[in-house]
Amino acid sequence: MTLPTVPRRWWPASALLLSTVVCFALGGVLDNGTLDLGVTLLCYLAIAQAWNVLAGFGGLVSLGAAAFVATGSYAAALVLVHTGLGWPLAVAAAPVTAMLLSLLLSAALLRLRGDYFSIGTLAIAIALQALIRNWSWAGGASGVTLPADAVPSGGNLFQLAVLVAALAMALTLYARYSDFGLRLAAIRDNEPAAAGLGVAVRRHQLAALLPSSGITGLAGAVIAFQFVVISPDGVASVSWSLNAVLMTVVGGTGTILGPVLGVGVVYYGLTRGLQSEQTLSLVIEGILLIGIVRFAPQGVWPLLCRAARRLLGPRPDSDSDSDSDTGRPVADRGKKDEPAPAGTEPVALDAV
Amino acid sequence: MSLDVLAAGILAGGLYALIGLGISLVFGVLGLMNLAHGELVIGGAYLASLLVVDAGWDPLAALPLAMATMALIAYPLQRYLLTPLLRGSKSAPLVATFGLSLLAQALFQAAFGTHPKALPAAYADTGLSVLGVRVQTVYVIAFGLTVLLCAATHLVLTRTRAGSAVRAASADPDTAAVLGIDVNRVYAVTFAGAAALAAAGGVLTGVAQSFTPSSGLPLLLTGFAVMALAGIGSVGGVLAAGVALGVLQSVSVGLFGGGWRDVVVYLAFFLVLAVRPQGLFRKAHAG
């Protein structure tokens, strides 16, 4: 009996669906400490992955993730505190507000090229933090305390975080395998050429910016529920932007599993492992960031893939590294006679 | 709105210009957005604090030493770390300076702690009456020094051989290299010069107000705002932009209260960026 031929892109999608279901189910099993850790990791993953779509696939290097985390957090918190609506609506308010903000700013932001975009987003993040500090309705500098009994906690919050992270992963898969993603990458690689071929540059960038900021805002809402007390120094801190960049760049910008790896490495190896040595952790983060861009600009994940491919033995037609350089697999070669599971297939490693 | 407010704004603007000058020099010549510039400024303040707080020097005496030390630290950073990155991917130098800024903050924390520091000087808190307007002495000194340093930078760029090399490397690095200019060295020297200017700004900032390891970021943003406003990239433009920003800030504090100081500057910065999207330098495309 032969398996029906399935396009390769369905493998990662199925893997995502499966792991989402498994993680979601884990929400009812794990103890509270693990759940809390899980929520943190999943929020970082969502933020890093949203940044990855924007910067890695879209070429828009944003330093403004903090602005959307803050918008999401505050939108959810203020809806919860100032209206009688329950937490589901508070969660829904977060991405809507974050996307509205990015839509509003996009008119100016998307006209900025290269480094100017980065600086513009940084300015927005800092301006927003300063604004919230002065906004007494939103609690000013001391922030907002959420009614603890009105927000989901423990297993439910974890499940919410799983869904948000899954959404971010799904967006990345879409950016990686869809025609939209292909055109986005074309703009990233050579904007004049892409525009010359008839790709609507601004519209595609906006289509990357909106869901990216929406997901960052969603993660912000989850973070607000987790923190219970949110303040401009907490949820609007530039360190959110920084972590998004750090985690993605370390793992591998423009790859699908790179940010997953990056979140693990940075959070486990540095933030948590060196919790008592905050200065040292900051030093290592700085050195890591510089070292990666200097010596392994593609991040750790592509390096691991290459090493794994070498260990598993090169196939006759995959002796070059060219497929990892382009960020896209060299066609879908050999897919018809290769019904092997994705995890054991060397060439597919880059693609997932 | 009194003349005092206006004068305070103009004088504070001098410091902003000094911080913005280094940023626009590096961006204008190298096409590099240096996100660690704020840390160069604060680093200058910390270097001076070693002499001022611990050895009892006057900040103005410590200033040249802080400038020279900062330049010495900055030169190899550009030469061996940032210049090789400039040829690589578009975002690599930006991310690297981001990392440098992190690293510097951590080093400040380790070496000096997180408590706010200030550089004590006789003229730190005293006032001065100029034409009937009360101003802070330290800002008058800072403004004078800024004008001096701006003039010196302008003269070096326009009247010296080294300045010609910098302008050539800025206009067309490839042709400049063909003509025998060591572009990598020019880049490193430019970066070191910008770091020295930053250190000077840092010492003066340290006298005027207290600073902590994380004070660099708002200064960076202010510096970028100056660069964005200055537009053409002339040294005089930077000075004018700094003063404009200082006045804007001073007036908004007078109107809305102290909390809005930075908000107004950042929003003005963003608006300027939005209106002049292709960058405000003539040579913005060189990068």
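This note comments on salt bridges and on one helix of the structure.

1. The model is predicted, so local features need pLDDT of at least 70 and side-chain atom pairs count only at pLDDT 80 or more, while totals for chains, interfaces and linings use all residues. Residues are numbered from 1 along each chain as its sequence is written, chains are lettered from A and ligands numbered from 1 in the order in which they are written, and side-chain values use heavy atoms, with hydrogens and water left out.

2. Over all chains there are two salt bridges, a salt bridge being a side-chain nitrogen of Lys or Arg within 4 Å of a carboxyl oxygen of Asp or Glu.

3. One of them joins Arg133(A) to Asp233(A), with 2.7 Å between the closest N and O atoms. Because Arg133(A) lies in helix α5 (residues 115-133) of chain A and Asp233(A) in helix α10 (residues 232-235) of chain A, the pair ties together parts that are 100 residues apart in sequence. Helices here are DSSP runs of H or I with at least four residues, numbered from the N terminus.

4. Arg133(A) is partly exposed at 35% relative accessible area, and Asp233(A) is partly exposed at 47%. Buried means under 20% relative accessible area, exposed over 50%, and partly exposed in between (1.4 Å probe, protein chains only).

5. A salt bridge also links Arg188(A) and Asp189(A), at 3.0 Å from N to O. Asp189(A) is exposed, at 56%, whereas Arg188(A) is partly exposed, at 23%.

6. In chain B, helix α8 (residues 183-208) has 26 residues and spans 37 Å from its first C-alpha to its last, close to the expected 38 Å. The expected span is 1.5 Å times one less than the number of residues. Of the 26 residues of α8(B), 23 are buried, which leaves the helix mostly covered.

How values were computed
Helices (H or I, at least four residues) and strands (E, at least two) are DSSP runs, numbered from the N terminus.
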